[in-house]
Amino acid sequence: MVTGDVKLIGSWASVFVMRARIALNLKSISYEFLQETYGTKSELLLKSNPVHKKIPVLIHDDKPVCESNIIVQYIDEAWSSYGLSILPSQPYDRAIARFWAAYVDDKWFIALRSILTARGEEEKKAAIAEVEERTDHLEKAFIECSNGKPFFNGDHIGYLDIALGSFLGWWKVVELDANHILLDETKTPSLFQWAERFCNDPDVKPLMPETTKLAEFARKLFPKPQA
Amino acid sequence: MGDTEEVKLLGVWFSPYAIRPKIALRIKSVDYDYFEEDLFGSKSELLLKSNPVHKKVPVLIHNNKPILESLNIVEYIDETWNASGPSILPSHPHDRAQARFWSAFVDDKWFPALKAAAITKSEEAKEKGMKEVEGGLLQLEEAFVSISKGKPFFGGEAIGFMDICLGSFVGILKAREKLKGEKLLDESKIPFLCKWANEFLSDDTVKNVVPEIDKVVEFLGELEVRAQSAVSKT
């Protein structure tokens, strides 16, 4: 089957880029990966995403698609006959998956990031408490969506698994930074076990950045204020 | 679909987000029971039960299953009643991605900038904010020209996803023009969007669904009074 010319502009460290790459792997689509250099934006990026100037950008037969969750849906729809479905098949299940994926980005991720940007112990403690509360919501969501199966999407990885799972590398880095467990086996056992399954999935494993390398990058991105 | 379909919509008359599912349900000719939430009062039991995470409207309840978030609800309506009426999302994957991209732009960048500019007490922030809002409208004008290809709507001949998303804010823009003289829908700057806005408001699926501009003007005025009295109490 002809997939057309597929390029992805991104970076090894980006959660959002990883989403697109996992989706392309799930569909066995070959693509050219164009790694952006940290601190600069390439001509191609600026031309393909003039509105936001951000990665990832998928370029399929010279047509750009932007925003990670939109790219994942595009990949599912453009190559619907390839591999397994990424979005669930029933409208209600799709709505649930989209709802929680939006929650991950709009509420959960914001809280996680605020641990890295927190100034002082008080702010950090408050941020940690918020992440724990929101992770608890996601535990309940997992139980509801998975229905006893290994992934949010059921038997195999899908949209919501990708949306949350792509954060697992950074999740570990923030844990180290905060010196506090943020994915607790006893508090959120289902999510904990799901995380291990997700990271070991063959379409995910080669993409997950190494914790030490990511932690080093995090220190560049979120420098600590000098005491 | 079965003959025992039960469709409820929880909303607030003023909310652009609640207008969106109403238009979508109209496009698909779906009958539903509407429940108005008390904007300034307490939230109903039904709302708290159906949307425990965000406690916000709109909420669509279809055969006792709640669906949340306005654009999510619109996609759900399009997929569930796909055999009825025209499609709301475009059919080609790239066009669907475009529709989702621009609606995310409206919801995540453009409208929050307008809201912030409207609320801020700082003149400097207001000016900066309004520039961003105007800049956004110019980008949306360009997007409209490219996507509509000479047809009246983003969706082509009929109202589609992106029309519903941006169109739900037209009432507020027109009301702010009446209340504040703020001319964001400026024919000299965004002629195509201005024409589109009027087409949108006169469409059969929108006409009796969006609130009357004068009612919105009155409400915006009331909101301002409440905001000011809240400030003077501190």
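The model is predicted, so local features need pLDDT of at least 70, side-chain atom pairs count only at pLDDT 80 or more, and totals for chains, interfaces and linings use all residues. Residues are numbered from 1 along each chain as its sequence is written, chains are lettered from A and ligands numbered from 1 in the order in which they are written, and side-chain values use heavy atoms, with hydrogens and water left out.

**Chain A against chain B**

- Start with the contact (heavy atoms within 4.5 Å): 23 residues of chain A and 22 residues of chain B take part.
- The buried area is about 2100 Å², and carbon and sulfur atoms give 66% of that; the term stands for the accessible area (1.4 Å probe) that two parts lose on being put together, summed over both.
- A:V51, A:Y92 and A:F99 together supply 28% of what chain A buries against chain B, more than any other three residues.
- Five salt bridges are counted between the chains, each being a side-chain nitrogen of Lys or Arg within 4 Å of a carboxyl oxygen of Asp or Glu.
- In a salt bridge between the chains, A:R98 meets B:E75 at 3.1 Å, N to O.
- There are also eight residue pairs in polar contact between chain A and chain B, both residues at pLDDT 80 or more. That term is a pair of N or O atoms within 3.5 Å; within protein, one must be able to donate a hydrogen and the other to accept it, and residues adjacent in sequence count only if both atoms are side-chain atoms.
- On the chain A side, β4 (63-66), α3 (68-78) and α4 (91-117) each supply at least two residues; helices (H or I, at least four residues) and strands (E, at least two) are DSSP runs, numbered from the N terminus.
- α4(A) gives the most to that side, with nine residues.
- By class, the chain A side splits into 13 nonpolar, four polar and six charged residues. Here Ala, Val, Leu, Ile, Met, Phe, Trp, Tyr, Cys and Pro count as nonpolar, Asp, Glu, Lys and Arg as charged, and the others, Gly among them, as polar.

**Inside chain B: domain 1 against domain 2**

- The domain assignment, which is automatic or from a database, gives domain 1 (7-81) and domain 2 (93-222) of chain B.
- For the contact, domain 1 of chain B puts in 16 residues and domain 2 of chain B puts in 24 residues.
- The C-alpha centres of these two domains of chain B sit 21 Å apart.
- Between them the domains bury about 2000 Å², 74% of it on carbon and sulfur atoms.
- Two salt bridges turn up across this interface.
- B:R20 pairs with B:D107 in a salt bridge, with the closest N and O atoms 2.8 Å apart.
- On the side of domain 1 of chain B that touches domain 2, α1 (16-27) and α3 (70-80) of chain B are the elements giving two or more residues.
- α1(B) has the largest share of that side, nine residues.
- The classes on that side are twelve nonpolar, no polar and four charged residues.

**Backbone details**

- A:I55 and A:P56 are joined by a cis peptide bond, omega about 0 degrees, and A:P56 lies in the loop between α2 (43-48) and β3 (57-60) of chain A.
- In chain B, a cis peptide bond joins B:V57 and B:P58, with omega about 0 degrees; B:P58 is in the loop between α2 (45-50) and β3 (59-62) of chain B.
- A:D62, in the loop between β3 and β4 of chain A, has a positive phi near 70 degrees despite being a residue other than glycine.
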